[in-house]
Amino acid sequence: MSEELLGLTAAEQAARIEAGDVSAGEVFDYWRGRAAADDLGAYLWVAGETPDDAGTLPPIAVKDLFCVGGVPSMAGSRILDGYRPPYTATSVRNLQDAGVRVLGKTNQDEFAMGSSNENSGFGPVQNPWDRTRVPGGSSGGSAAAVAAGTAPWAIGTDTGGSIRQPASLCGIVGMKPTYGAVSRYGMIAFASSLDQCGPLTRDVTDAAILLSHLQGRDPCDSTSLGIPGGVPLPSAERLDGLRFGVWGMEEEGLEPGVAEQVNATLAKIEELGGSVERIELPHAKYGIPAYYVIAPAEASSNLARYDGVRYGHRSGNGDLTSMYEQTRHDGFGEEVRRRIMIGTYALSSGYYEAYYGTAQKVRTKIAEDLAAAFEKVDFVVSPTSATVAFKLGERTQDPLAMYLSDYFTVPMPLAGIPAISIPCGLSEGLPVGFQIAGPAFSEARILDAAHALEKSIGFEGVPVA
Amino acid sequence: MIEREQVLHVARLARLRLTDDEVERMAGELSKILEYVETMNELDLEGVEPTSHVVDLTNVLREDVPRPSWPREVVFYQAPDATESGFRVPSPGGS
């Protein structure tokens, strides 16, 4: 039975548990063994033993930045080395209440700042499809673990693409819900007006199951609303009458192999009864510039709390200010320092309006572009990433090249709307992701459309070793 | 173009020590990133309302009811330096 689990989705494993074919404890044990044997760098911590109450669903791999009571929760940062919070994030608690146990904590870019997982304070993660390549980021450990079969499913966070881009590069499903769908309480904050928790899974059904448990209003996060009507299991097999607006296919930098797979997917939409038309998002190209003001500005404020006083790393001799400055120099990695500097500069006296004020207006224009699109079409679709997984080290010397990795994924969090990435084929032997976005709180419709497409695409090839 | 002095000023605001090499590198990188960010200025944004958040909520209120917080030992446990009654930090100094 155990070895058979590897070939099953989480939902299928849950059905075996339910039927009494296998116990939840045996399932946990099996995955604990798989996770402990991970050699991609995907995990920062794996459960040492199987809990007495192993729940009712397969266990989950959790991105390091989710606080889990008594378990190392470091957001991939040396400044939080060894930190074990006294409480558990609401999203994780909701999963625990639903019968899901925590299998391990996954590697990530430090404080979720990155698109390749190379900014982790604890080393990079290798892509299971090609170990010389990145898994994407910032939820790179979660994506690699699911793709490599060292976790049945996982959660991550998406601020500018940090769930969808690694899902795309690793050939799995990843969804960023509407802002406010899932509580942010207990998620170590990066950019509070953008951060959102979501699932990384083998298929669309698993994503829907996780999201149905994750979502909900939480008194501890006053921006949380839950998803009205909840998240039903997706069942659609056709796309009759649905209109898909595709954008970005003329983008410079879009790899021909990626475009080819996306075009093949558009043809499948039409085979299933949907219609495809070109749409314009005239302000989409200003998404990255606006994002790289807003996110660092919010981060510079959120990361002010790491001062060597209450938890985490401390270094430096001398007076208090000198201790703060040395602690933050030594504890933060290069990219985090860079973003703190950009954000502090953008918020500093005399520059606020020119940078932060302008970026917030661009944010409005991008949201208006998307709202206008949804007057004409049901979904806005595109590649998730312009390229397949790139080589480790390829973009680390050029911050701007790395930032542009999020070109297709940044407009959605700026507008607060949900989007999913599903694998749609291979280019040069590496996975290509197809992104489907919808209006706020349209998760159920997006999941249904993704479900129908997933069946038609028939993507196989999780490179389980 | 960001000058070395500006980098040092911002680093002070952010309570971030940078080595001399890091100041140099940061000046170059920030200049490049900000130059790219400034492409936003091609847009006519006159009269556009800024978006600070995307959730249609205002003034989420709750009853102000006292409830127990974490016990001291839980709060102090993770601190780099703590006594039984507080966090210990270096002197703020005279300068």
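Contact between chains A and B

In this predicted model, the contact takes 52 residues from chain A and 42 residues from chain B.

User: Which elements give two or more residues to the side of chain A that touches chain B?

Analyst: They are helix 9, helix 10 (320–331), helix 11, helix 12 (352–376) and helix 13 (399–403) of chain A. Helix 12 of chain A gives the most, with 11 residues.

User: Why is helix 9 of chain A called roughly perpendicular to helix 11 of chain A?

Analyst: Helix 9 (residues 287–302) of chain A packs on helix 11 of chain A at an angle of about 95°, with the axes 7 Å apart. Angles of 65 to 115 degrees count as roughly perpendicular, so the pair of helix 9 and helix 11 of chain A is given that name.

User: Which residues make the contact of helix 9 with helix 11 of chain A?

Analyst: Helix 9 of chain A contributes Tyr292(A), Val293(A), Pro296(A), Ala297(A), Ala299(A) and Ser300(A). From helix 11 of chain A come residues including Arg339(A), Ile340(A), Gly343(A) and Leu347(A). By class, the residues of this contact divide into 9 nonpolar, 3 polar and 1 charged.

User: What is the secondary structure of chain B?

Analyst: Chain B has 3 helices and 0 strands, and its elements run α-α-α from the N terminus on.

User: Which residues in helix 1 of chain B are buried?

Analyst: In helix 1 (residues 4–13) of chain B, Val7(B), Val10(B) and Ala11(B) are buried. That term requires 20 or more other C-beta atoms within 10 Å of the residue's own.

User: What puts these residues on the same side of helix 1 of chain B?

Analyst: They cover an arc of only 100° around the axis, and therefore lie on the same side of the helix. The buried residues of helix 1 of chain B pack against helix 11 (334–347) of chain A together with helix 2 (20–37) of chain B. Arg15(B), with a positive phi near 50°, follows helix 1 of chain B.

User: How does the radius of gyration of chain B stand against that of a compact globule?

Analyst: Chain B has 23 Å, whereas a compact globule of 95 residues would be near 12 Å. The C-alpha trace of chain B spans about 55 × 45 × 25 Å along its principal axes. Buried residues make up 17% of the 95 residues in chain B.

Conventions
Residues numbered from 1 in each chain as written. Chains lettered and ligands numbered in written order. Predicted model: local features only at pLDDT ≥ 70, side-chain atom pairs only at ≥ 80, totals over all residues. Buried ≥ 20, exposed ≤ 12 C-beta atoms within 10 Å, placed from the backbone. Helix = DSSP H or I, 4+ residues; strand = E, 2+ residues; numbered from the N terminus. Arc of directions from axis to C-beta. Contact = placed C-beta atoms within 7 Å. Axes fitted to C-alpha atoms, helices over the stretch in contact; angles between N-to-C directions. Parallel < 35°, antiparallel > 145°, perpendicular 65-115°, else oblique. Nonpolar A, V, L, I, M, F, W, Y, C, P; charged D, E, K, R; others polar. Rg over C-alpha atoms; globule rule 2.2 N^0.38 Å.
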